[in-house]
Protein chains: 2
Amino acid sequence: MSVTTKATIASFGGKLLKLSHNATTTRCEMSFNLYLPPQAQTQKVPVLIYLSGLTCTAENCSEKGFFQHGASKKGIAVLYPDTSPRGLKIEGEDDSYDFGSGAGFYVDATKAPYNAGYNMYSYVTEELPQTVFAAFPQLDSSRVSITGHSMGGHGALTLFLRNPGKYKSVSAFAPITNPINCPWGQKAFKGYFGEDQQQKWKEHDATELLKKWSGGPLDILIDVGTGDNFYKQGQLLPENFEAAAKEVGQSGLTVRYQPDYDHSYYTMASFADDHVEHAAKYLFA
Amino acid sequence: MSVTTKATIASFGGKLLKLSHNATTTRCEMSFNLYLPPQAQTQKVPVLIYLSGLTCTAENCSEKGFFQHGASKKGIAVLYPDTSPRGLKIEGEDDSYDFGSGAGFYVDATKAPYNAGYNMYSYVTEELPQTVFAAFPQLDSSRVSITGHSMGGHGALTLFLRNPGKYKSVSAFAPITNPINCPWGQKAFKGYFGEDQQQKWKEHDATELLKKWSGGPLDILIDVGTGDNFYKQGQLLPENFEAAAKEVGQSGLTVRYQPDYDHSYYTMASFADDHVEHAAKYLFA
């Protein structure tokens with residue numbers, strides 16, 4: 001459970017910590033970043049988990065997402081996990097940008113050879129928070145929200161919907177909302193789960209999970225840019241998620257189609273404050 | 001004078017344009033970025049020039065500096081030039097990170113072979129703004145401020161102090177304020193000017209220029225992190241700049257020594273809003 005500090009960087013009045021630990025779920029050393037806002041020096045602060053998209057590490061959003069700006073004002077810590085195990089030497093894991101390393105999809109793989117460590121679901125929902133809360137007592141483990149981008153938006157939505165009550169709120173940027181019906185999701189789920197499309201795939205599909213949600217009224221904020229090529233290519237399918245919400249009578253889903261915005265961190269930076277605000281509403285309720 | 005648009009990216013309600021043009025002063029194609037805030041759609045907006053540091057291009061601060069956040073609120077365009085000519089094929093220009101390409105130091109070289117194109121002073125003060133104002137009539141050429149980081153902070157201070165009245169205000173992050181007395185500056189000035197330390201070097205040294213300033217009361221904002229390794233190594237020497245201000249009775253210099261902050265864009269992002277605010281005070285006076 002011990003955590004190694006590789007760097008401490010002053011940011012917006014607080015500290016961005018570059019950390020690592022030996023993770024048992026993923027069978028390797030995992031790097032992650034943790035932003036401690038200035039308020040953490042004198043009081044317990046809640047935590048917003050930010051899940052990154054394909055190809056990313058903890059660094060991208062720490063540098064370019066500007067969550068620290070809003071988090072420092074509100075007094076929220078931000079936890080940036082990595083997107084997959086690293087260096088497991090599974091044959092083919094580094095061959096494509098959208099599967100294997102950098103593309104763990106926040107699931108526990110059941111199919112060989114990826115079941116030997118590709119357990120990002122257990123890692124993000126259990127091992128990483130346990131490690132972080134043990135190492136940083138200034139974090140309040142009873143107040144955690146979650147957000148993410150693209151594959152990480154899929155992660156945020158599915159982790160929230162699979163675990164009623166675990167997270168105080170959820171939001172997402174350009175999330176993959178219906179992976180069983182898009183190329184990215186189909187490739188990943190086939191590789192991590194095999195062909196069990198009726199059962200296993202649906203257990204990690206936000207649109208399917210939403211249809212079965214029984215946890216009460218939802219309040220979900222999603223931003224999608226209309227200039228996002230992956231949206232245009234049908235990788236994100238937010239309309240399917242909206243249709244599912246309508247089908248089950250959930251009126252608290254807000255999908256904002258932001259004119260011209262693309263899939264990049266410029267979009268996250270532009271709306272990060274709104275997503276911190278969304279989380280703060282519940283973390284400080 | 002024609003400008004090529006390579007990309008248009010939505011950012012904070014405005015547009016970040018990735019542009020290039022064939023520059024005569026630097027004898028090559030020059031890339032630069034221009035952020036147009038939302039207000040530029042309906043009115044003339046002033047311009048803040050941001051000069052980057054060693055090794056950087058227009059991209060670094062566009063992605064990681066967070067200037068668009070404040071500029072979009074105030075209605076200020078941000079112009080991000082490159083840091084040197086590119087691809088001139090001068091022998092040795094790519095050999096070190098602190099001289100030649102990526103390290104133009106915002107001077108016009110007088111020594112061969114760098115006098116064949118290393119004219120970043122003329123480029124930034126004359127050719128680039130002329131090009132940009134001709135191509136973007138929504139920019140107000142009568143209201144321009146300047147800022148920058150490290151080598152770009154040196155650029156901002158020296159361009160401001162050499163051209164009374166040209167810029168409405170100046171500020172800097174971790175600027176090289178006394179290049180004739182630091183290793184970076186001595187290497188660059190020797191390479192671009194030769195050994196003429198008494199005359200030519202001093203003409204591009206902010207501390208020396210401040211001693212001779214006759215343009216009236218100054219209001220300069222500088223942020224330097226106390227965790228900045230280059231500050232600790234004596235590359236920045238803000239104390240010398242402060243001493244010169246005191247010597248000539250300029251009380252409007254504010255150097256904020258920010259505890260623990262380093263030389264990175266995390267520092268710029270943390271205080272970018274303050275520098276936009278500083279510029280806005282004069283651009284909208």
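Buried area is the accessible area, taken with a 1.4 Å probe, that two parts lose on being put together, summed over both. In this predicted model, chain A and chain B bury about 1,800 Å² between them by that definition. Carbon and sulfur atoms account for 59% of this area. The interface brings 22 residues of chain A into contact with 23 residues of chain B. On the chain A side, the greatest losses of area to chain B fall on Ala10(A), Phe66(A) and Tyr266(A), which together provide 35% of what that side buries.

Charged pairs also link the two chains, with a count of 4 salt bridges between chain A and chain B. A salt bridge joins the side chains of Glu63(A) and Lys64(B), with an N to O distance of 3.9 Å.

Within chain B, helix H2 (residues 67-74) and helix H10 (residues 265-283) pack against each other, their axes coming within 8 Å and crossing at roughly 30°. Because angles under 35 degrees count as roughly parallel, H2(B) and H10(B) are therefore described as roughly parallel to each other. The crossing of these two helices is right-handed. From H2(B), the contact involves Phe67(B), His69(B), Gly70(B), Ala71(B) and Lys74(B). H10(B) contributes Met268(B), Ala272(B), Asp273(B), His275(B), Val276(B), Glu277(B) and Ala280(B).

Methods
Residues numbered from 1 in each chain as written. Chains lettered and ligands numbered in written order. Predicted model: local features only at pLDDT ≥ 70, side-chain atom pairs only at ≥ 80, totals over all residues. Heavy atoms only, no water. Axes fitted to C-alpha atoms, helices over the stretch in contact; angles between N-to-C directions. Helix = DSSP H or I, 4+ residues; strand = E, 2+ residues; numbered from the N terminus. Parallel < 35°, antiparallel > 145°, perpendicular 65-115°, else oblique. Left-handed = near helix turned anticlockwise from the far one by under 90°. Contact = heavy atoms within 4.5 Å.
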